[in-house]
Amino acid sequence: MKSRAAVAFEAGKPLQIVEIDVAPPQAGEVLVRITHTGVCHTDAFTLSGDDPEGIFPAVLGHEGAGIVVEVGEGVTSVKPGDHVIPLYTAECGQCLFCKSGKTNLCVAVRATQGKGVMPDGTTRFSYNGQPVYHYMGCSTFSEYTVVAEVSLAKVNPKANPEQVCLLGCGVTTGLGAVKNTAKVQPGDSVAVFGLGGIGLAVIQGAKMAGAGRIIAIDTNPSKFELARTFGATDCVNPKDHDKPIQQVIVEMTGWGVDHSFECIGNVGVMRAALECAHRGWGQSVIIGVAGAGQEISTRPFQLVTGRKWLGTAFGGVKGRTELPGMVEDAMAGRIQLAPFVTHTMPLTEINEAFDLMHAGKSIRSVVYY
Ligand SMILES: NC(=O)C1=CN([C@@H]2O[C@H](COP(=O)(O)OP(=O)(O)OC[C@H]3O[C@@H](n4cnc5c(N)ncnc54)[C@H](O)[C@@H]3O)[C@@H](O)[C@H]2O)C=CC1
Ligand SMILES: N[C@@H](CCC(=O)N[C@@H](CSC=O)C(=O)NCC(=O)O)C(=O)O
Ligand SMILES: [Zn+2]
Ligand SMILES: [Zn+2]
């Protein structure tokens with residue numbers, strides 16, 4: 001079948017809106033009509049050419065909501081008409097990782113997903129007879145996409161897709177990082193570096209966890225108002241200080257914060273986030289994705305004196321098990337999604353979403369089909 005799609009033909013170039021061919025779902029696969037998709041910084045990261053797993057031409061996008069159109073052989077957990085959120089972190093329930101009870105990092109389709117193909121090693125997308133690759137197992141920048149059954153969470157059909165698509169990545173990652181990775185406790189102090197969709201979701205999660213002081217840090221002060229709305233108690237612009245930001249945070253708090261979160265993808269800031277954690281027990285969670293060849297560093301003394309460095313993917317959330325409940329929470333107002341959606345646009349204007357992100361003018365742009 002034909003599908004309108006925004007294709008990344010080349011790194012560093014705008015997406016092109018074209019009509020691609022989408023082959024039918026094979027065994028264990030599902031054809032989904034995407035109705036809405038958020039644009040996450042990770043899409044921009046891969047488009048920039050910095051992603052070691054980046055492969056072109058590809059249909060990017062991984063923060064979507066849609067409706068099942070057709071299922072391949074053997075698919076039993078979803079049927080045509082079901083409302084779904086594609087998952088870049090699958091949940092098969094059978095692999096070593098799923099069964100461990102220790103992680104959400106299912107490996108069922110991860111190896112082929114990283115190569116831009118479906119589990120059988122081939123792609124369902126083509127343009128002018130040439131292969132176009134999948135992305136993060138989702139490819140939500142195509143109106144019709146093919147996804148592995150294990151990469152779909154079935155959700156309440158009454159949910160607003162313009163908002164719940166954000167549970168496909170940004171908001172879930174931030175909330176989950178607080179709850180599952182850092183395990184923030186009532187009264188704990190928190191520092192959040194980077195106030196995009198991820199950082200603001202961390203702030204929302206910290207507030208929900210009953211955190212005491214929540215320090216929001218960004219070089220773009222236009223982000224502070226929304227950060228305060230979500231629960232930030234202090235807002236800090238590193239550019240206003242003539243000393244390292246970690247020193248600023250330590251001086252503000254005495255010994256540093258109980259938890260810090262890096263939500264940018266900047267290895268220098270990752271170091272600062274670790275070094276503003278409390279002596280003896282402070283921990284720092286890396287959420288941001290850094291480019292190929294980048295490495296983190298700090299003095300080992302920072303760890304010797306009790307700080308911990310952690311990381312999280314999709315906030316440690318098991319998508320098929322937990323997303324349906326998170327959608328219910330959003331519908332009941334227990335999770336706020338509306339404030340994240342600063343812009344909406346049709347697919348034809350998707351490049352504007354990237355421009356707004358790079359200009360620091362958006363939190364989330366949601367594209368509709
Ligand atoms: N680990 C995971 O599962 C996930 C990771 N990510 C990653 O999280 C990061 C954030 O994503 P988004 O919120 O979508 O990005 P965004 O671009 O919307 O927000 C980033 C924020 O960081 C701020 N910033 C940039 N440099 C800074 C600096 N030196 N100091 C302080 N603030 C600075 C920007 O002004 C902006 O407000 C990206 O690296 C993305 O790839 C995103 C989703 C899931
Ligand atoms: N492909 C990159 C790494 C990209 C990455 O770290 N992705 C995050 C999700 S970012 C979402 O917006 C993640 O969950 N990683 C775990 C995974 O299994 O991909 C590289 O190769 O460096
Ligand atoms: Zn994302
Ligand atoms: Zn698994």
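**A zinc site and a sheet**

Donors here are N, O and S atoms within 2.8 Å of the metal (3.2 Å for Na, K and Ca), and since water is not among the atoms, sites may look incomplete. This is a predicted model, where local features need pLDDT of at least 70 and side-chain atom pairs count only at 80 or more, while totals for chains, interfaces and linings use all residues. Residues are numbered from 1 along each chain as its sequence is written, chains are lettered from A and ligands numbered from 1 in the order written, and side-chain values use heavy atoms, leaving out hydrogens and water.

So who holds the zinc ion (ligand 3)? Cys40 (SG), His62 (NE2) and Cys169 (SG) coordinate it at 2.0 to 2.3 Å. Cys40 is buried because its relative accessibility is 3%, and Cys169 is buried too, at 5%. (Buried means under 20% relative accessible area, exposed over 50%, partly exposed in between, with a 1.4 Å probe and protein chains only.)

Now for the sheet. It is open, with six parallel-paired strands in the order E12-E11-E10-E13-E14-E15. Strands (E, at least two residues) and helices (H or I, at least four) are DSSP runs, numbered from the N terminus, and two strands pair if DSSP finds at least two bridges between them. Strands E12 (234–236) and E15 (308–311) sit at the edges with a single partner strand each, so one side of each has no neighbour in the sheet. Strand E14 (residues 283–286) runs parallel to E15, joined by four bridges; Gln283, for instance, has Lys308 in E15 as its bridge partner.
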